[in-house]
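My entries follow in the order I took them.

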Amino acid sequence: MITIDNVRKTFQDLEVLKGVSLSVNEHEIYGIIGQSGAGKSTLLRCINGLESFDSGEILVDNTHLSSLDRTGLRHIQKRMGMIFQGFNLLERLDVYQNIALPMKFWGKNPNSAEAREKITKLIDLVGLKDKLHAKPKELSGGQKQRVAIARALVLDPELLLCDEATSALDPEITKGILSLLQKINKELGITIIIVTHQMEVVKQICERVAFLSDGSVLKEGRPEELFIKPERDEIRSFLREGSENLPAEGVNIALFFNDDNNTEPVVTEMARTLDTDFSICWAKLEDFRTSVYGSLVINLKEKDRESVCDYLDKKKVLWEVLS
Ligand SMILES: Nc1ncnc2c1ncn2[C@@H]1O[C@H](COP(=O)(O)OP(=O)(O)OP(=O)(O)O)[C@@H](O)[C@H]1O
Ligand SMILES: [Mg+2]
């Protein structure tokens, strides 16, 4: 649905996007993750035409964004809803009026029977039936974001762009908002792009993700691939917690278990087979959308490194020596 091909963007002297390429499939929930200042919001703004780019191309379906005039851009923008970290609701308007705002912007009567039906349906969908005439100041953060989501959907977009939509919310409320986005994706068939610096968000709902660092995509793939095979130190240090207090002596190896290989007692068996001992330094279960990965860090003596690595390969356990 979206193809980004070698897009570059410079603000004054600062090159913010350095040849970004990625593609988003129709009906997919796609994540863009990376550190603050990586260029995530800029990229999202290029996708919906709020920001121009210097070179490269962005295709929405088969339309080249760079070839569009203002009217063409406006029509593409109508097909995209957007939500932000700060909700951006108008304080003097109530929930209904805030949701109706894009209709007014497009010259539609928000009080027509058709509009009322649409808005009532959306209020229902986001679970705010009893807040129809509440003002934003009477709502919690999670509720405000629900209003913003309904507003983003009021013109029946095909694509929903989310810029740090859950960053201001606590973990429980975040889960609720992410479930709502999943429901919107499934029930309405809307493609969703989520920009975030929270790996938890990506793990919970994204089917694919791009890791953006300093204006470049370092890796694109399924979230579990990013986690298990980061390949780059930038990704590893960003995504993995808990490895900073590992022993300085010996060798630290991270093992990853998923549903296919977690039934065998690999570690204890390995100790017996190789007739040696390991310390277990760190362990965690990582929940991804459809699977659970366990990660375990063991510490061993340098002399055992080769035999352990061979053994793990033989048992088809994913592993990585941590530096
Ligand atoms: N309008 C602008 N004019 C000049 N520089 C800008 C402008 N917008 C963004 N930048 C710069 O571009 C870089 C990328 O900013 P961007 O907002 O895209 O990052 P981000 O990945 O979304 O970060 P965050 O996670 O903090 O939201 C930053 O160095 C920022 O200062
Ligand atoms: Mg941003």
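**Entry: Asn 6.** I began with Asn 6, which counts as partly exposed because it has 13 C-beta neighbours inside 10 Å. The model is predicted, so I read every value as computed from it. I placed Asn 6 in strand 1, residues 2-11. Then I checked its backbone. Phi of Asn 6 is near 50 degrees, a positive value in a residue other than glycine. I noted the background: most residues other than glycine have a negative phi.

**Entry: Asp 214.** I turned to another residue with a positive phi. Asp 214 is not a glycine, and its phi is near 50 degrees. I found Asp 214 in the loop between strand 9 (208-213) and strand 10 (216-221). Is Asp 214 partly exposed or buried? I counted 15 C-beta neighbours inside 10 Å, so Asp 214 is partly exposed.

**Entry: the whole protein.** I stepped back for the overall figures. I listed eleven helices and 14 strands. The C-alpha trace spans about 80 × 45 × 30 Å along its principal axes. The protein has 323 residues, and 33% of them count as buried. I also looked at sequence separation in the contacts. Of the contacts between residues at least 6 apart in sequence, 69% join residues at least 24 apart.

**Entry: ligand 1.** Which residues surround ligand 1? I wrote down Phe 11, Leu 14, Val 16, Gly 34, Ser 36, Gly 37, Ala 38, Gly 39, Lys 40, Ser 41, Thr 42 and His 197. I sorted this shell by type: four residues are nonpolar, seven are polar and one is charged. Strand 2 (14-24) and helix 1 (40-47) each supply at least two residues of the shell. Helix 1 gives the most, with three.

**Entry: helix 1.** I stayed with helix 1 to check its burial. Helix 1 is mostly covered, with six of its eight residues buried. I listed the buried ones as Lys 40, Thr 42, Leu 43, Leu 44, Cys 46 and Ile 47. I then looked past the end of the helix. Gly 49 follows helix 1, and its phi is positive, near 75 degrees.

**Entry: helix 3 against helix 4.** I recorded the angle and the distance between the axes, as is done for two packed helices. Helix 3 (residues 95-105) and helix 4 (residues 113-125) pack at about 120 degrees, with their axes 10 Å apart. Helix 3 and helix 4 are therefore oblique to each other. Their crossing is right-handed. Which residues make the contact? From helix 3 I noted Val 95, Tyr 96, Ile 99, Ala 100 and Met 103. From helix 4 I noted Ala 115, Ile 119, Leu 122 and Ile 123. I sorted the residues of this contact too: nine are nonpolar, none polar and none charged.

**Entry: Ile 280.** I finished with Ile 280, in strand 12 (residues 279-287). Is Ile 280 buried or exposed? I counted 11 other C-beta atoms within 10 Å, so Ile 280 is exposed. I looked for its contacts, leaving out residues up to four places away in sequence. Ile 280 touches Leu 296 and Ile 298. I also took one distance. Val 267 is 13 residues from Ile 280 along the chain, and their C-alpha atoms are separated by 9.5 Å.

Definitions and conventions. Residues are numbered from 1 along each chain as its sequence is written. Chains are lettered from A and ligands numbered from 1 in the order in which they are written. This is a predicted model: local features need pLDDT of at least 70, side-chain atom pairs count only at pLDDT 80 or more; totals for chains, interfaces and linings use all residues. Axes are lines fitted to C-alpha atoms, for helices over the stretch in contact, and angles run from 0 to 180 degrees between N-to-C directions. Helices (H or I, at least four residues) and strands (E, at least two) are DSSP runs, numbered from the N terminus. Angles under 35 degrees count as roughly parallel, over 145 as roughly antiparallel, 65 to 115 as roughly perpendicular and the rest as oblique. A crossing is left-handed if the near helix is turned anticlockwise from the far one by less than a right angle, and right-handed if clockwise. Two residues are in contact if their C-beta atoms, placed from the backbone, lie within 7 Å. Ala, Val, Leu, Ile, Met, Phe, Trp, Tyr, Cys and Pro count as nonpolar, Asp, Glu, Lys and Arg as charged, and the others, Gly among them, as polar. A residue is buried if 20 or more other C-beta atoms lie within 10 Å of its own, exposed if 12 or fewer, and partly exposed in between; C-beta atoms are placed from the backbone. A residue is near a molecule or strand if its C-beta atom, placed from the backbone, lies within 6 Å of it.
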